[in-house]
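Subject: Structure handover

Hello,

Here is the structure I promised to pass on. Please open it first and then read the notes below beside it.

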Amino acid sequence: MKTVLVVEDELKIARLVRDYLHQAGFAVVQANDGLSALALARSKKPDMIVLDLGLPEMDGLDVTRRLRETSSVPIIMLTARSEESDRIVGLELGADDYIVKPFSPKELVARIRAVLRRADATLGGGEMIKVGSVTIDIPKMRVTVGESEIELTATEFQLLITLARHPGRIYSRSQLLDALHGVSFESYERSVDAHIKNIRRKIESDPRRPQLVLTVYGVGYKFADA
Ligand code: CA
């Protein structure tokens, strides 16, 4: 059974999410502030964290930043409609996905499953991708560029392998979102840009002048033909 850590200070929402996740067959651990979330993330080692951005004292962005120093556990942010810029910052800090309040618990469960599938998918199949200086060992979730090993989140990894499997092929943002979610909900296209920005920061020698993950203006992205 997969364990989800739910971090939410609004009791009503926390309870609703917990009940839904129980029904969907997840074990649930709960925290209502950032520090206890970090402590529980360490002690309980959840498979996934659902993290409210608007928390008292240490907010969700700080929690994400701290978590990402040591862990690549999947994170889905819960955000208010007004928190659009925070949401992008959160994705750039390495959160995997977000969902806007008020949300349907059904959609949250679907998102959690999609992100977990993504994390698990990378474990199966003995596939290896090699394009130019980039080597991707899919079962080990390991990316090396030249001699250096790169640490990616499950989402970044999934995006990178989607692009790198077919170098030169152009993907629109919505195709890339499909590759991530398996289902398309409303448009979250800007989140693709944030993940791409992270991947570039990690794998490109000059992220401002990418040589590997290329922008195709007005269309989307492609992995460079070696
Ligand atoms: Ca809150």
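With 226 residues, a compact globule would have a radius of gyration near 17 Å, and the protein chain agrees, at 17 Å. That radius is taken over C-alpha atoms, and the globule rule is 2.2 Å times the number of residues to the power 0.38. Along the principal axes, the C-alpha atoms of the protein chain fill a box of roughly 50 × 35 × 30 Å.

The model is predicted: local features need pLDDT of at least 70 and side-chain atom pairs count only at pLDDT 80 or more, while totals for chains, interfaces and linings use all residues. Residues are numbered from 1 along each chain as its sequence is written, and side-chain values use heavy atoms, with hydrogens and water left out.

The protein chain has 8 helices and 12 strands. Helices (H or I, at least four residues) and strands (E, at least two) are DSSP runs, numbered from the N terminus. Of the 226 residues, 50% are buried. Buried means under 20% relative accessible area, exposed means over 50%, and partly exposed is in between, with a 1.4 Å probe and protein chains only. Among contacts (heavy atoms within 4.5 Å) with a separation of 6 or more, 57% are between residues 24 or more positions apart.

The calcium site

Which residues coordinate the calcium ion? They are Asp 9 (OD), Asp 52 (OD) and Gly 54 (O), at 2.2 to 2.4 Å. Donors are N, O and S atoms within 2.8 Å of the metal (3.2 Å for Na, K and Ca); water is not among the atoms, so sites may look incomplete. The donor residues are spaced D-x42-D-x1-G in sequence. Asp 9 counts as partly exposed because its relative accessibility is 30%, whereas Asp 52 is buried, with a relative accessible area of 3%.

Strand 1

Thr 3 lies in strand 1 and is buried, with a relative accessible area of 18%. Leaving out residues up to four places away in sequence, Thr 3 touches Ala 27, Val 29, Pro 46, Asp 47 and Met 48. Val 4 also lies in strand 1; its relative accessible area is 0%, so Val 4 is buried. With the four-place limit applied again, Val 4 touches Leu 21, Phe 26, Ala 27, Val 28, Val 29, Met 48, Val 50 and Ile 112. Val 4 and His 22 are 18 residues apart along the chain, and their C-alpha atoms are separated by 9.8 Å.

Helix packing

Helix 7 (residues 173-181) packs with helix 8 (residues 189-203) at an angle of about 80 degrees, their axes 9 Å apart. That angle makes helix 7 roughly perpendicular to helix 8. On the helix 7 side the contact is made by Arg 173, Ser 174, Leu 176, Leu 177 and Leu 180, and on the helix 8 side by Glu 189, Ser 191, Val 192, Asp 193 and His 195. By class, this contact has 4 nonpolar, 3 polar and 3 charged residues.

Helix 6 (residues 154-164) also packs with helix 8, at an angle of about 85 degrees and with the axes 10 Å apart. Helix 6 and helix 8 are therefore roughly perpendicular to each other. Helix 6 contributes Thr 155, Glu 156, Leu 159, Leu 160 and Leu 163 to the contact, and helix 8 contributes Val 192, His 195, Ile 196, Asn 198, Ile 199, Lys 202 and Ile 203. The classes here are 7 nonpolar, 3 polar and 2 charged.

Axes are lines fitted to C-alpha atoms, for helices over the stretch in contact, and angles run from 0 to 180 degrees between N-to-C directions. Angles under 35 degrees count as roughly parallel, over 145 as roughly antiparallel, 65 to 115 as roughly perpendicular and the rest as oblique. Ala, Val, Leu, Ile, Met, Phe, Trp, Tyr, Cys and Pro count as nonpolar, Asp, Glu, Lys and Arg as charged, and the others, Gly among them, as polar.

Backbone details

A cis peptide bond, with omega about -5 degrees, joins Lys 101 and Pro 102. Pro 102 is in the loop between strand 5 (97-100) and helix 5 (105-121).

Regards
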